[in-house]
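Below is a briefing on selected side-chain features of one protein model.

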Amino acid sequence: SKEKPTLGGTRIKTRKRNIAAPLDPAAFADAVVQLYLDNAGDLELIAKSIESAELNFSRYGDTFFEASTLVAFTGGRTQPGTTKPDEGERHPYSIIDCEPKREAILPSVIYIQKILRRRPFLIKNLENVTRRFLQSLELFEENERKKLAIFTALAFSQKLSGLPPETVFQPLLKDNLVAKGIVLSFITDFFKEYLIDNSLDDLIAILKRGKMEENLLDFFPSAKRSAEAFSEHFTKAGIVPLVEYNEKKIFEVKLKEMKTALTTQIAEETDISEVIETVKQHVKDAKLPDVEVVRILWDVMMDAVQWSGKNQQQNANAALRQVKTWAELLNTFCTSGKLELELLYKVQVQCYEDTKLMKLFPEIVRSLYDQDVLAEDTVLHWFRKGTNPKGRQSFVKALEPFVKWLEEAEEEE
């Protein structure tokens, strides 16, 4: 009988399998570890071997990250941090086994990046494993926690295929971890490492995405949740930009709180002595600088005026009435020539920027003088040597008759 034709005359061989496809997590872990050992930890070669290995990644994705990259246990899935030598081989190439330095850890991050590009579905497994590890931080030694912190920071620096920040920050908020100070030291290592390659704005952006930007104090043990403790801790850690950012934010919140309280009181025409008390209380609690207080008082007073749409005269009357009504409030806080001058600059800028008030500059200044808020010296200093250029030429011209009157009064004395 004739031999059946074969394709191109070659015999079709069945491909020999190097590794029998593992059927449980322990066997899978062993198979992955074997790849590391066979390639002596060379991540380039390992990535290639993983490409061709018949491994069921979709089923054992978590095991892959646990067994190979992060901790590398074999012989059954162990709890993170509890390595026992009798549980099979442990390869020495994992992140937990390397030096706690970025040079040692970065290659692993780039290697994971490669694996994730080929198998994007594994990002979910990386998330699961990262979350589990972070929730078990107390099972690791301090040195190992530092490596995990560096790894996590580099994962964000390298934009590790979509690892979401909340995966990292939220699991850390376990009460027992926070109480022991473990979370604070982890997050401090993380910030330090991340800020080597990235700006503070980048850090704030991932904190925002991780829903942590407003609650940074949650990383601190409850006894230390204060602005002072925050500043002291991160200054000591050498992360001064974060301290400055936080202080500025707290300051802005306090200014806003004072502004809100005042706006309500002025709108309700609260008794002036009560308003003065409110301001004093805020200044004391928030250590607000005098200049900011004076500026806010002016803003809040003017914002409360009911302006008329078209009628210039009505607007003039309303503005001057407001100055007269609240002069005592301004007077209480304009306690020096320097602050009076700041107020005068504030009036100048507002009259320059707000067309309703443009023609009112001399009248407002005159009214503030009549109410004893501005001293004659302040007005004359502004007239002769003022430094703010906004609308200055026309305002100086408009104020000339008043200044002439002041100078004549001076001569008469």
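Does Glu214 count as buried or exposed? At 62% relative accessibility, Glu214 counts as exposed, where buried means under 20% relative accessible area, exposed over 50%, and partly exposed in between (1.4 Å probe, protein chains only). The model is predicted, so local features need pLDDT of at least 70 and side-chain atom pairs count only at pLDDT 80 or more, while totals for chains, interfaces and linings use all residues. Residues are numbered from 1 along each chain as its sequence is written, and side-chain values use heavy atoms, with hydrogens and water left out.

**Salt bridges**

- The model has 14 salt bridges, each being a side-chain nitrogen of Lys or Arg within 4 Å of a carboxyl oxygen of Asp or Glu.
- Side chains of opposite charge can pair when their charged atoms come close.
- Glu213 pairs with Lys249, with 3.6 Å between the closest N and O atoms.
- This pair links distant parts of the chain, 36 residues apart: Glu213 is in the loop between α10 (200–209) and α11 (227–236), and Lys249 is in helix α12 (residues 240–267). Helices (H or I, at least four residues) are DSSP runs, numbered from the N terminus.
- Lys249 also forms a salt bridge with Glu214, where the closest N and O atoms are 3.8 Å apart.
- Glu213 and Lys249 are both buried; the value for Lys249 is 18% relative accessibility.
- Lys356 and Asp354 meet through their side chains in a salt bridge of 3.4 Å, N to O. Lys356 is partly exposed at 24% relative accessible area, whereas Asp354 counts as buried at 18%.
- Arg102, Glu193 and Asp197 are linked in a network of salt bridges.

**Aromatic rings**

- There are 16 aromatic pairs. Rings of Phe, Tyr and Trp (its six-membered ring) pair if their centres lie within 6.5 Å; planes under 30 degrees apart count as stacked, over 60 as edge-to-face and the rest as tilted.
- Phe169 and Phe190 form an edge-to-face pair, because their ring centres are 5.6 Å apart and their planes are at 80°.
- Phe169 lies in helix α7 (residues 165–169) and Phe190 in helix α9 (residues 182–197), so the pair ties together parts that are 21 residues apart in sequence. Both residues are buried.
- Phe230 and Phe234 are a tilted pair, because their ring centres are 4.9 Å apart and their planes are at 55°.
- Phe230 and Phe234 are four residues apart in helix α11, which means that about one helical turn separates them. Both are buried.
- One aromatic cluster includes Phe156, Phe191, Tyr194, Phe219 and Phe220, as well as Phe169, Phe190, Phe230 and Phe234.

**Charges over rings**

- The charged end of Arg366 sits over the ring of Trp405, 4.4 Å from its centre. The rule is that NZ of Lys or CZ of Arg is within 6 Å of the ring centre and within 35 degrees of the ring normal.
- Arg392 lies over the face of Trp382, 5.0 Å from the ring centre.

**Thr378**

- Thr378 is in helix α18 (residues 376–385) and is buried, with a relative accessible area of 7%.
- Not counting residues up to four places away in sequence, Thr378 touches Gly337, Glu340, Leu341 and Leu344, contact meaning heavy atoms within 4.5 Å.

Notes. Helices (H or I, at least four residues) and strands (E, at least two) are DSSP runs, numbered from the N terminus.
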